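Please look over the sequence and the structure shown here before reading the briefing below. The points are grouped by topic, so that each can be checked against the coordinates in turn.

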Amino acid sequence: MQKASMKQRIKNIPPVAYMLVVIIIVFSFMDPHYLSFSNFRNVLIQATPLMIVAFGQTCIVLTQGTDLSLGAQVSFVTVFTVFLAQHGIILEVAMLIAVCTTTLIGAVNGIIVAKGNIPPFIATYGMQNIVNSISLLLTAGSSIYFDSFTYRIVTETTILFVPLMVWVAVLVFVLVWIVLRKTKFGTNIHGLGGNREALTLAGISPVKCLIKTFAFAGFIAGIAGVITLCRVESGQPTVATGWEFQAVAATLLGGTSMREGKGGVTGTIFGVLLIQIIKNGLNVVGVQSTYQNAIIGSIVLAAIIIDAVVRIRSEK
Amino acid sequence: MKKRTVVSILLTLAMACTLFTGCSTPTQETSGDSDKKEEQTESTDKEDDGKEESATGLSKATILSADKLPITGIGTTVATDVKAKESYKIGYIAKNTTNPYMNAQAEGVKKAGEDMGFEAVTQAPSTADSVEEQVKLMEDMIQQDMDVIIVHCADSNGIMPGVRKAQEAGILVLTIGTPASEDTFLRTGVDYYETGYTIAKEMAEELGGKGNIIILEGPPGAANAIERLNGINDALAEYPDIEVVASQTANFKRTEGMSVTENLIQKHTDIQGLIGCNDESALGGMQALKAANMNDVLIAGFDGSVDATSAVASGDMFATYNTDPYGSGYIACAYAVMNLNDGTEPEGKFIPFPTAEAQPVINSETVANYQDNIAWWKAVQ
């Protein structure tokens with residue numbers, strides 16, 4: 001019994017984690033600047049917005065879906081908050097309103113997906129375009145600006161040597177972890193991906209649950225948007241374009257499966273860190289940006305293949 | 001349950017309505033809107049700083065005659081006497097790696113590294129034009145103990161956190177093209193307004209001060225595109241008999257330039273001129289006009305790219321403007337090295353390059369010389 005749980009535990013560490021260690025060692029041999037505390041802090045700061053989005057995406061992936069509108073929602077929050085602030089609403093209140101709005105957008109996504117039984121891919125793709133378009137309308141295409149010290153409180157206040165924004169990511173992680181592991185709602189999310197029929201038989205409405213999940217992801221994307229706003233200090237209608245895909249990639253890298261409703265947010269942390277550490281490392285070591293995407297792509301592919309091999313072997 | 005359904009339907013409807021109103025807004029109005037917005041931000045900026053500054057809150061251009069510049073020549077003919085006295089590390093951050101223009105700028109920085117004797121590190125965001133990634137790159141460069149960071153900003157406001165961090169770390173920050181929203185050590189590269197004004201004036205003169213013109217704008221809201229468009233419009237406003245019959249965005253892309261022009265010439269059949277806010281969109285417009293047998297239309301663009309210059313040489317295009325990314329990267333390095341050597345301050349906070357004195361307009365007369373001796377794209381071929 002105990003042996004099995006040990007094995008289970010080792011199996012639970014996604015292969016990405018090992019990959020991370022290898023990559024960090026390689027980079028630190030390549031450049032003396034790499035292995036420093038301040039650089040590690042840089043990686044954390046840089047990974048934070050995507051990390052938060054990926055936590056939300058993980059919930060969606062667990063239900064066998066993807067939310068392609070999350071990136072657009074992040075951009076929208078930066079724009080909408082600044083837009084409201086420019087029209088006389090206190091910035092912090094504007095942030096709250098923006099987060100509520102993305103929660104609502106998420107709910108609408110959920111309603112379309114669940115009630116219409118429409119594949120999330122296409123439903124959220126539609127929403128992505130609508131939200132992007134609204135962001136562009138609010139800004140007339142450019143970036144918009146509202147001066148405030150709040151941004152710098154979030155990005156520059158440090159607690160235990162790490163800026164506040166990173167702690168926000170930690171909080172979101174704890175929240176999502178608790179929701180997924182300790183609440184009924186979390187069990188239902190796993191159920192949506194794993195065994196939808198069993199869920200219905202147990203008297204739980206998959207429709208309601210799906211709507212809640214999408215709304216939850218929207219809420220988290222809203223938080224990511226606020227953090228991103230503090231980081232770029234302006235409303236940028238296209239700042240998070242493509243993050244939804246990176247978030248999906250990070251989630252899958254982290255070992256969350258699109259088929260069985262298995263996995264969780266802990267793995268996602270490694271997935272995001274892998275992507276971010278490669279990017280940062282390639283920059284610090286000074287690799288030409290032309291080659292960077294190819295290298296990132298190869299490493300991601302390698303990680304996912306190793307993951308697949310490990311899984312197939314363990315199944316045997 | 002029913003209540004929820006109603007609410008959800010209402011919400012969806014509301015969203016759909018926003019979408020439709022968004023779509024039905026004529027593009028011309030949108031461009032007008034963006035101009036207005038620009039003015040608004042300009043005026044608020046003005047209130048912030050009462051100092052002698054231009055409308056954007058940044059220092060005005062200081063135009064230097066050629067003998068005052070630290071480098072000689074333009075395009076691939078650039079050279080300098082400036083030499084690094086110690087070993088310096090200079091980092092350059094482009095907007096993307098997908099545009100030959102940006103690659104040529106990186107080459108200019110590398111060439112400067114060879115000529116002046118410093119280590120040049122060039123980077124670009126992996127997502128094209130992502131200011132957020134540019135900030136990350138700046139943070140990574142601060143990590144690498146750069147002495148100078150030169151950045152072609154993807155966005156003026158968005159780059160500020162990176163600029164501030166670099167300055168706090170004691171690193172000189174220079175911008176090329178799009179400036180940061182606050183003055184840095186130096187801004188160089190072309191004055192976009194000036195480029196637009198010059199090309200539009202050339203065209204208006206060639207047309208004898210009258211005719212109908214189509215403008216293919218840059219991406220909505222991009223600062224450089226707006227400045228250039230303002231330059232074009234200001235120049236054309238001086239000619240009462242010239243009418244801008246349509247001004248729509250082609251997003252700096254050839255395919256969009258082509259399709260937008262195809263659509264526009266359905267309605268506007270009497271066209272004498274077309275100005276694309278960069279070469280790519282102008283070339284797209286050219287293809288559309290050719291296909292419609294409208295061969296007498298004067299076509300102008302900006303940047304002096306490979307295809308545009310050969311179109312000028314063959315007479316298909318009227319003119320383009322050498323915005324010289326190669327030389328801009330080079331001159332930025334020269335100013336940086338001079339300051340690192342002995343603390344030399346540049347004559348202003350914005351020193352445009354190339355200036356009118358360098359005759360950056362490429363037309364049928366100057367094109368041969370440009371292609372043979374100057375063209376920046378030879379650096380990346």
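This is a predicted model: local features need pLDDT of at least 70, side-chain atom pairs count only at pLDDT 80 or more; totals for chains, interfaces and linings use all residues.

Chain A has 14 helices and two strands, while the domain assignment of chain B gives domain 1 (66–190 + 324–360) and domain 2 (192–321). The contact takes 33 residues from chain A and 37 residues from chain B.

**Overall form of chain A**

- The radius of gyration of chain A is 20 Å, close to the 20 Å that the globule rule gives for 316 residues, so chain A is as compact as a globular protein of that length.
- Taken along its principal axes, the C-alpha trace of chain A spans about 60 × 60 × 35 Å, and 54% of the 316 residues of chain A count as buried.
- If one considers the contacts in chain A between residues at least 6 apart in sequence, 78% of them join residues at least 24 apart.

**Helix α12 of chain A**

- Helix α12 (residues 243–253) of chain A has ten of its eleven residues buried, so this helix is largely enclosed by the rest of the structure.
- Among the buried residues of α12(A) are W243(A), E244(A) and Q246(A), together with L252(A) and L253(A).
- The cover over the buried residues of α12(A) includes α2 (15–30), α3, α4 (70–86), α13 and α14 of chain A.
- Just after α12(A), G255(A) takes a positive phi of about 95°.

**Contact between chains A and B**

- With 33 residues of chain A and 37 residues of chain B taking part in the contact, the side of chain A that touches chain B receives at least two residues from each of α3 (37–62), α5 (91–116), α6 (120–139), α11 (206–232), α13 (265–285) and α14 (289–315) of chain A.
- The most is given by α6(A), which supplies five residues to the side of chain A that touches chain B.
- By class, the side of chain A that touches chain B divides into ten nonpolar, 21 polar and two charged residues.

**Nonpolar core**

- The largest nonpolar core has 208 residues, and those with the most contacts inside this core are I149(B) and I150(B).
- The largest share of this core, 17 residues, comes from α11(A), and the core also draws at least three residues from each of domain 1 and domain 2 of chain B.
- Leaving aside its neighbours within four places in sequence, I150(B) is in contact with I90(B), Y92(B), V109(B), L174(B), I176(B), A332(B) and A336(B).

**Domains of chain B**

- The centres of domain 1 and domain 2 of chain B, taken over C-alpha atoms, are separated by 29 Å.
- Nine residues of domain 1 of chain B are in contact with nine residues of domain 2 of chain B, and the side of domain 1 that touches domain 2 has six nonpolar, three polar and no charged residues.

**A250 of chain B**

- A250(B) lies in the loop between β9 (241–249) and α8 (254–267) of chain B, and A250(B) is buried, with 26 other C-beta atoms within 10 Å.
- Apart from its neighbours within four places in sequence, A250(B) has contacts that include L216(B), E217(B), E256(B), V260(B) and S281(B).
- The C-alpha atoms of A250(B) and A223(B), which are 27 residues apart along the chain, are separated by 15 Å.

Note on methods. Residues are numbered from 1 along each chain as its sequence is written. Chains are lettered from A and ligands numbered from 1 in the order in which they are written. Two residues are in contact if their C-beta atoms, placed from the backbone, lie within 7 Å. Helices (H or I, at least four residues) and strands (E, at least two) are DSSP runs, numbered from the N terminus. Ala, Val, Leu, Ile, Met, Phe, Trp, Tyr, Cys and Pro count as nonpolar, Asp, Glu, Lys and Arg as charged, and the others, Gly among them, as polar. A nonpolar core is a set of buried Ala, Val, Leu, Ile, Met, Phe, Trp, Tyr and Cys residues joined through C-beta atoms within 7 Å. A residue is buried if 20 or more other C-beta atoms lie within 10 Å of its own, exposed if 12 or fewer, and partly exposed in between; C-beta atoms are placed from the backbone. Domain bounds come from an automatic or database domain assignment. The radius of gyration is taken over C-alpha atoms; the globule rule is 2.2 Å times the number of residues to the power 0.38.
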